[in-house]
Structure formats: structure tokens, C-alpha cells
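Please look through the structure shown below, and then read the report that follows, which goes from single residues to the whole chain.

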Amino acid sequence: MRIIVATLLAIAAGGAVYAAEQPKLADAGQVKDPLICKREVPIGSLIATRKVCLTKQQWQKRSDDGNATARALVEDGAGACGHDGGVCPF
């Protein structure tokens with residue numbers, strides 16, 4: 001009999017905890033800028049991956065920064081070696 005009462009009390013307490021957490025879950029669903037996770041493969045590896053989670057705005061900034069860097073390299077005439085004209089000595 002004690003086991004049954006203890007089980008019923010545990011179930012009732014669990015329901016109260018669940019009911020208390022519901023508003024928090026509803027608030028979490030209203031996040032204006034949720035995280036977007038992507039898997040990236042580092043250069044030189046076909047196996048290793050890493051997971052990167054950023055907001056949509058952060059992904060856009062990262063893309064814009066990368067494009068600006070590439071554009072600056074092309075406009076300055078600097079190649080992979082970083083010398084004028086992009087000619088490597090080897």
C-alpha cells in the first residue's frame with residue numbers, strides 16, 4: 001500500500017513540475033532569432049567535421065565578412081602568397 005501511495009505522489013509531483021515548465025517552453029518558442037546549426041568540414045579533411053551554431057544575423061555577417069575579404073584580395077592584386085601581382089616565388 002505504501003508503494004502505491006508513494007508512486008501516486010511521485011506522479012502527481014511530476015505533473016506539477018511539468019505544468020510549471022510549460023510557460024518556459026512557450027517563451028522559448030517565441031525567440032526572435034533562433035540558432036541555426038551547420039556542420040563544417042575543415043580544409044584538408046574529408047572526415048573531421050565541426051558543428052557551428054549561430055543566429056541568422058551572425059551567419060549573414062560571417063558570409064559578408066568572407067566576401068569582403070575575398071573582394072579585397074582580388075582588388076589589391078594580392079594572390080595566395082600575398083606578394084604584388086600574386087606571383088609565388090616557387
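At 45% relative accessibility, Arg50 counts as partly exposed, where a residue is called buried under 20% relative accessible area, exposed over 50%, and partly exposed in between, with a 1.4 Å probe and protein chains only. The model in which this residue sits is a predicted one, in which local features need pLDDT of at least 70, side-chain atom pairs count only at pLDDT 80 or more, and totals for chains, interfaces and linings use all residues. Residues are numbered from 1 along each chain as its sequence is written, and side-chain values use heavy atoms, with hydrogens and water left out.

The side chain of Arg50 forms a salt bridge with that of Glu40, with a distance of 3.3 Å from N to O; the term salt bridge stands for a side-chain nitrogen of Lys or Arg within 4 Å of a carboxyl oxygen of Asp or Glu. This pair links distant parts of the chain, since Glu40 belongs to strand β1 (residues 35-40) and Arg50 to strand β2 (residues 50-55), ten residues apart. Glu40 has a relative accessibility of 17% and therefore counts as buried.

Which residue forms a salt bridge with Glu40 with the closest N and O atoms 2.9 Å apart? That residue is Arg62, and because Arg62 lies in helix α2 (residues 56-76) while Glu40 lies in strand β1, the pair ties together parts that are 22 residues apart in sequence. Arg62 is partly exposed, with a relative accessible area of 37%. Taken together, Glu40, Arg50 and Arg62 are linked in a network of salt bridges. Arg62 also touches Val52 and Leu54 as well as Glu40, when residues up to four places away in sequence are not counted; touching, or contact, means that heavy atoms lie within 4.5 Å.

## A salt bridge within helix α2

A search of the whole structure finds three salt bridges, and one of them joins the side chains of Asp65 and Lys61, at 2.9 Å from N to O. Both residues lie in helix α2, four residues apart, which is about one turn of the helix. An α-helix has 3.6 residues a turn, so residues three or four places apart point the same way. Is each partner of this pair buried or exposed, or does it fall in between? Asp65 is partly exposed, with a relative accessible area of 40%, whereas Lys61, at 51% relative accessibility, counts as exposed.

After α2 comes Gly77, whose phi is positive, near 80°.

## The disulfide between the strands

The structure contains one disulfide, a term that stands for a pair of cysteine sulfur atoms within 2.5 Å. This disulfide joins Cys37 to Cys53, with 2.0 Å from S to S. Cys37 lies in strand β1 and Cys53 in strand β2, so the pair ties together parts that are 16 residues apart in sequence. The torsion about the S-S bond of Cys37 and Cys53 is about 110°, and the disulfide is therefore right-handed. Cys37 is partly exposed, at a relative accessible area of 40%, and Cys53 is also partly exposed, at 31%.

## Thr55 in strand β2

Strand β2 also holds Thr55, which counts as buried because its relative accessibility is 15%. Leaving out residues up to four places away in sequence, Thr55 touches Asp33, Pro34 and Leu35.

## The chain as a whole

The protein chain has two helices and two strands, and read along the sequence these follow the pattern α-β-β-α. Helices (H or I, at least four residues) and strands (E, at least two) are DSSP runs, numbered from the N terminus.

Of the 90 residues of the protein chain, 6% count as buried. Among the contacts in the chain with a separation of 6 or more, residues 24 or more positions apart account for 2%. The accessible surface of the protein chain comes to about 7900 Å², of which 63% belongs to carbon and sulfur atoms; accessible areas come from the Shrake-Rupley method with a 1.4 Å probe, and for residues only the protein chains shown count as cover.
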